[in-house]
Amino acid sequence: MPSHPLFTSSRLGRRGFLALLGGATALGVAGCAPGPAGAARSSTVKALPTGPPPPGTRLSVAVRTSRIQLTESGLLKHLPFHVSQWPNLSAGPDIIQGFRARSIDLAANAGVPPIQAEAIGVEARIVGVQVRRKPSYVFATAPGSSLARIEDFRGKKIAFSQGQAQGVVVLRALKEAGIDHADVRLVALPSTQFLTALQSKQVDAAPLGEPTLTKYLNQYRPDGAREVRTDVVDLLTVLWAPAEVLDTPATAAAVRAFVPLWARGVVWSWEHQERWIDAYYVKDQGVTREDGRRIVTSLAEPRFPERWDEAVAWEQETADLLAEGGFVPKVDAATLFDRRFEGLAAAAVPARYREGTA
């Protein structure tokens, strides 16, 4: 089968990926020159507003799970500002473009998109941190593939999205297996195209999260598709926002009000699993109740750190891994965090869901 025109095999450099980010996802960012490493940010030194946002304050919040959690739990009525829209977007490149276009004010992603945003000169900061200590992604193989373990990936075509968590999962998994990323054929795609690439056998393997993994294997396991599990953890889920949102008192106050509710919504879904399975996995994502229960059982209890030191260190390690591969310039991960918000999420949840400094 001929290669898809978007596919780029062998080693991929930063310029190639920035071009892909603009072309493959229609984000129009390829022409944006990356900012210099360590460039000064517009971080404010002003104290975070402590009162409610002024009347009329509006935010566009691209956190679909929060919309469902807050609605189902009744917490939505506690939002002291108006959510102008809940865009159904979650992929890092889409969120970055939304930030650039000023159509998204707040989003939740893994730790990689903030690094990618910094690499292309989009100023944004992390305002909330959740940690996950169990793997979130599993490699799925194409139908009929003989791959059974990561060590079999050498020389194979692996779906790779640099600006998303899945991309770093690939790099970390290869590194742990002792395989240089130049020894596989990295196929540059946004994660939204991973399924199509697997189904058409244009890639041999791709990292998938739930519930996509379950949907794919249910359909293609009879044709020989399988899962390849690793111990690679995608540690961070972050809540983040454009710098200008956080530098404006009214919207900064709205973000400050949202962070605790975001954390409480996550905890609510953990403590009310049957309702969450029905509202999210069954009604919103279209999986069976049985599969929803299996997915939830595979997840770790949510944790919110009181201090962000580990998160900063993890983000720096991730940024360094990407820089070593030539995918992004060097990034000082500490500049990606707005530590005025540190501890807000942890303080909003019961003690069992908090992590201290130890």
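Pro305 is buried, because its relative accessible area is 7% (buried means under 20% relative accessible area, exposed over 50%, partly exposed in between, with a 1.4 Å probe and protein chains only). The residue is found in strand β11 (residues 304–305). Helices (H or I, at least four residues) and strands (E, at least two) are DSSP runs, numbered from the N terminus.

This is a predicted model, in which local features need pLDDT of at least 70, side-chain atom pairs count only at pLDDT 80 or more, and totals for chains, interfaces and linings use all residues. Residues are numbered from 1 along each chain as its sequence is written, and side-chain values use heavy atoms, with hydrogens and water left out.

Pro305 is in contact with Val129, Gln130, Val131, Ala346 and Glu355, leaving aside neighbours within four places in sequence. Contact means heavy atoms within 4.5 Å. Glu342 is 37 residues from Pro305 along the chain, and their C-alpha atoms are separated by 8.6 Å.

Gln69 lies in helix α2 (residues 64–73). Is Gln69 buried or exposed? Gln69 is buried, because its relative accessible area is 5%. Not counting residues up to four places away in sequence, Gln69 touches Gly265, Val266, Trp268, Ser269 and Trp276.

Helix α9 (residues 249–271) and helix α10 (residues 273–282) have axes 5 Å apart and pack at an angle of about 105°. So α9 is roughly perpendicular to α10. Axes are lines fitted to C-alpha atoms, for helices over the stretch in contact, and angles run from 0 to 180 degrees between N-to-C directions. Angles under 35 degrees count as roughly parallel, over 145 as roughly antiparallel, 65 to 115 as roughly perpendicular and the rest as oblique.

From α9, the residues Trp268, Ser269, Trp270 and Glu271 meet Gln273, Arg275 and Trp276 in α10. By class, this contact of α9 with α10 has three nonpolar, two polar and two charged residues. Ala, Val, Leu, Ile, Met, Phe, Trp, Tyr, Cys and Pro count as nonpolar; Asp, Glu, Lys and Arg count as charged; the others, Gly among them, count as polar.

Helix α3 covers residues 92–100, and its buried residues are Gly92, Pro93, Ile95, Ile96, Gly98 and Phe99. An α-helix has 3.6 residues a turn, so residues three or four places apart point the same way.

Arg102 follows α3. Although not a glycine, Arg102 has a positive phi of about 60°. Lys201 also has a positive phi of about 60° and is not a glycine. The two are set out below.

A cis peptide bond runs from Glu210 to Pro211, with omega near 5°. Pro211 sits in the loop between β8 (205–208) and α7 (212–220).

**Pocket and cavity**

On a 1 Å grid over the protein atoms alone, a cavity is a set of points where a 1.4 Å probe fits but cannot get out, and a pocket is an open set with protein on both sides within 12 Å along at least five of seven lines; lining residues have an atom within 4 Å of a point. Grid points are joined across faces, edges and corners, and a volume is the space filled by probe spheres set on the points.

The second largest pocket holds about 150 Å³ of space. Its lining consists of Leu171, Leu174, Lys175, Ile179, Asp180, His181, Leu321, Glu324, Gly325 and Phe327. Five of these lining residues are nonpolar, two polar and three charged. Which helix gives the most to this lining? That is α5, with three residues. Both α5 (165–176) and α12 (309–324) supply at least two.

A search of the whole structure finds four cavities of 30 Å³ or more. The second largest cavity has a volume of about 80 Å³. It is lined by 13 residues, and the closest to its centre are Val168, Arg172, Asp234, Trp314 and Thr318. By class, the cavity lining has eight nonpolar, two polar and three charged residues. Here too α5 and α12 each supply at least two residues. Helix α5 gives the most to the cavity lining, with four.
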